[in-house]
Amino acid sequence: MNKTDHSIQSQKSYQLWCKCMALGERTGCHQMPERSFFYKGYQMPICARCTGVLIGYLLAVPGYIIFGFHSVFSIFSCICMITDWVIQACKIKSSTNHRRLITGILGGYGIMTLQIGVIKKLIFMLK
C-alpha cells in the first residue's frame with residue numbers, strides 16, 4: 001500500500017468514525033472521552049456504561065429464552081448499575097470504565113428482561 005492509498009484509507013476510516021460518533025450522540029450518550037473505550041486511537045461512539053447496556057440488551061433475549069424470567073435477578077441487576085452511578089455521581093468513589101461496562105451489562109440485561117416479561121404478560125392478558 002503506497003502513501004496515497006494509506007491516506008485515502010485513513011480518510012475513509014475517519015469519516016466512518018464521525019458517522020458512528022454522530023449515531024452515538026443521537027442515542028443520548030454523553031460520549032465523555034474519559035468514560036469511553038478507545039480502539040486504535042478512535043473513541044468508541046458510546047461510553048463504557050452505554051456499551052455495557054447495549055451488550056446487556058443483546059444478551060437478554062437469548063438469556064430469557066434459556067433461563068426464563070427471574071424478576072429478583074432482573075431488579076437486582078438494575079440496582080447494581082444504579083448504585084454504581086449514584087456512588088460516582090455523589091463523588092463517594094469514582095467508577096472505572098471496566099466497572100461501568102460490567103454494571104452496564106447487568107443493568108441492560110435487567111432492563112431488557114423486565115421489558116420482555118411485561119410484554120409477555122400483556123400479550124397473555126390480551127388473549
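**C47 lies in the loop between β2 and α2 (48-67).** The model shown here and in the other views is predicted; local features need pLDDT of at least 70, side-chain atom pairs count only at pLDDT 80 or more, and totals for chains, interfaces and linings use all residues. Residues are numbered from 1 along each chain as its sequence is written, and side-chain values use heavy atoms, with hydrogens and water left out. C47 has a relative accessible area of 3%, so it is buried. Buried means under 20% relative accessible area, exposed means over 50%, and partly exposed is in between (1.4 Å probe, protein chains only). Contact here means heavy atoms within 4.5 Å. P33 is 14 residues from C47 in sequence, and the two C-alpha atoms are 7.7 Å apart. Helices (H or I, at least four residues) and strands (E, at least two) are DSSP runs, numbered from the N terminus.

**A48 belongs to helix α2.** Its relative accessible area is 0%, so A48 is buried. Leaving aside neighbours within four places in sequence, A48 touches R35, S36 and F37 as well as N97, R100 and L101. I102 is 54 residues away from A48 in sequence, yet 8.8 Å away in space, C-alpha to C-alpha.

**Helices α2 and α4 pack at an angle of about 45°.** Their axes are 6 Å apart. Axes are lines fitted to C-alpha atoms, for helices over the stretch in contact, and angles run from 0 to 180 degrees between N-to-C directions. The two helices are therefore oblique to each other. Angles under 35 degrees count as roughly parallel, over 145 as roughly antiparallel, 65 to 115 as roughly perpendicular, and the rest as oblique. The crossing of α2 and α4 is right-handed. A crossing is right-handed if the near helix is turned clockwise from the far one by less than a right angle, and left-handed if anticlockwise. The contact of α2 with α4 has 15 nonpolar, ten polar and three charged residues. Ala, Val, Leu, Ile, Met, Phe, Trp, Tyr, Cys and Pro count as nonpolar; Asp, Glu, Lys and Arg count as charged; the others, Gly among them, count as polar.

**Helix α3 (residues 71-89) crosses helix α4 (residues 97-126) at roughly 140°.** The axes of α3 and α4 come within 7 Å. That angle makes α3 oblique to α4. The crossing of these two helices is left-handed. On the α3 side, the meeting residues are F73, S74, I75, S77, C78, C80, M81, D84 and Q88. On the α4 side, they are R99, R100, T103, G104, L106, G107, Y109, G110, I111, T113 and L114. By class, the contact of α3 with α4 has nine nonpolar, eight polar and three charged residues.

**Q88 is a residue of helix α3.** At 11% relative accessibility, Q88 counts as buried. Its contacts beyond four places in sequence are R35, R49, K93, S95 and R100.

**Four aromatic pairs occur in the structure.** Rings of Phe, Tyr and Trp (its six-membered ring) pair if their centres lie within 6.5 Å; planes under 30 degrees apart count as stacked, over 60 as edge-to-face, and the rest as tilted. Y64 is buried at 13% relative accessibility, whereas F69 is partly exposed at 32%. The rings of F73 and Y109 have centres 6.0 Å apart and planes at 75°, so that pair is edge-to-face. F73 lies in helix α3 and Y109 in helix α4, so the pair ties together parts 36 residues apart in sequence. F73 is partly exposed, with 42% relative accessibility. Y109 is buried, with a relative accessible area of 15%. Y14, W17 and Y42 form one aromatic cluster.

**Q31 has a positive phi of about 60° although it is not a glycine.** Q31 sits in the loop between α1 (3-26) and β1 (38-39). With 13% relative accessibility, Q31 counts as buried.

**K40 has a positive phi of about 50°, and it is not a glycine either.** The loop between β1 and β2 (42-43) holds K40. K40 counts as exposed, at 68% relative accessibility.
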